[in-house]
Amino acid sequence: LWHAPPRSLPQPSPYADHDTFCVARDPVDRVLSQWRMEGAHRSACLVMRERLTHRCGAAMSDCHLWPQHEYVWDAAGRRTCAHVLAFDDLSDQFRRLMRAAGRDDVTLPPVTSRRSALHHGAAAPETDLSANVTLMIRCAYKLDECLLRGRDIFEECARLDLTIDGWTRACDRSAGRKRRCRVHCRKRGTASARERLHKIS
C-alpha cells in the first residue's frame, strides 16, 4: 500500500479526518525520474509502454507511474488530498504549508544522495525524447495535465495512437533514430581523426 492512491485503500481510509498534502509533478519529468531510477538501461519510451501494459502491478515499480489525479480525487470526484504541492517548487511550498500549520520546525531535508539527485533531475543521464513521444506521455496522463496543470490537450491527444501497438511503433522509431545518430557520429568522428592525422603527416 506504500504508493497506492487513497481510493485503492481499505475503507475507512487511514487519511480520513486528517489534513493531508500530496506532491504533483510534470508527467514527463516523472517518467524520466522512473527511467533514471531504473538505471536508464532501457529507453524512457519502453518504461511508458510497460506502465500502460501493467497499470499498477509488481512489474511497475510499486505504482510509481500511477496517474497523479487519483491521489487527489476519488472515483466519485471527492477530494482526498487537501493540499497539492508542485514538485518544482516543493521546498518553498512545503515551508509555507508548515508555517500555516504552526510547524515552522518541520522542513524538508536537502537532497544529498545520488539516488535522490537522480529523482530530482540533478546529475541525471541525458535523454532525447522526441516531440511525439513527449506528447504521447502527456496524453497518457491527460487528466493529470488537465486537473493538476490546467492544460487542455484532449484535442491534440485525439490525433495520436495511444494503444500498446502505437507505443511500440513510437518506441521503435525513437530507437531507430538514436541508432542512426550514433552511426553518424561514429563516422564523423572517424573522418575527423583521419583529417587530423593527414594534417600532422
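Tutor: Start at the surface: Leu-143, Leu-147 and Phe-154 form a nonpolar patch with about 240 Å² of accessible area together. Patch members have over 30% relative accessible area and no salt bridge, and nonpolar side chains (Val, Leu, Ile, Met, Phe, Trp, Tyr) are joined within 5 Å. A salt bridge would be a side-chain nitrogen of Lys or Arg within 4 Å of a carboxyl oxygen of Asp or Glu. Areas are Shrake-Rupley values with a 1.4 Å probe.

Student: What sort of model is this?

Tutor: This is a predicted model, where local features need pLDDT of at least 70 and side-chain atom pairs count only at pLDDT 80 or more, while totals for chains, interfaces and linings use all residues. Residues are numbered from 1 along each chain as its sequence is written, and side-chain values use heavy atoms, leaving out hydrogens and water.

Student: Where does Leu-143 sit?

Tutor: In helix H6, residues 142–149. Leu-143 is partly exposed, at 37% relative accessible area; buried means under 20%, exposed over 50%, and partly exposed is in between. Helices (H or I, at least four residues) and strands (E, at least two) are DSSP runs, numbered from the N terminus.

Student: How many helices and strands are there?

Tutor: Eight helices and two strands, in the order β-α-α-β-α-α-α-α-α-α.

Student: Now the inside. Which residues touch the most other members of the largest nonpolar core?

Tutor: Val-31, Met-48, Val-133, Ile-137, Tyr-141 and Trp-167, out of 16 residues. Helices H1 (27–37), H2 (44–54), H5 (131–140) and H8 (164–200) each supply at least two residues of this core. A core here is a set of buried Ala, Val, Leu, Ile, Met, Phe, Trp, Tyr and Cys residues joined through side-chain atoms within 4.5 Å.

Student: And what does Val-31 touch?

Tutor: Leaving aside residues up to four places away in sequence, Val-31 touches Ala-44, Met-48, Leu-65, Ile-137 and Tyr-141, with contact meaning heavy atoms within 4.5 Å. Another core, of five residues, lies apart from the largest one and includes Leu-85, Leu-90, Phe-94 and Met-98.

Student: Which residues of H3 are buried?

Tutor: In H3 (residues 90–100), they are Leu-90, Gln-93, Phe-94, Leu-97 and Met-98. Down the helix axis they fall within an arc of 135°, so they line one face of H3; the arc is taken from the directions from the axis to the C-beta atoms.

Student: What covers that face?

Tutor: The cover over the buried residues of H3 includes strands S1 (21–24) and S2 (83–86). After H3 comes Gly-102, with a positive phi near 75°.

Notes: Buried < 20%, exposed > 50% of the residue type's maximum accessible area, 1.4 Å probe, protein only. Patch = residues over 30% accessible without salt bridge, like charges linked within 9 Å, V, L, I, M, F, W, Y side chains within 5 Å.
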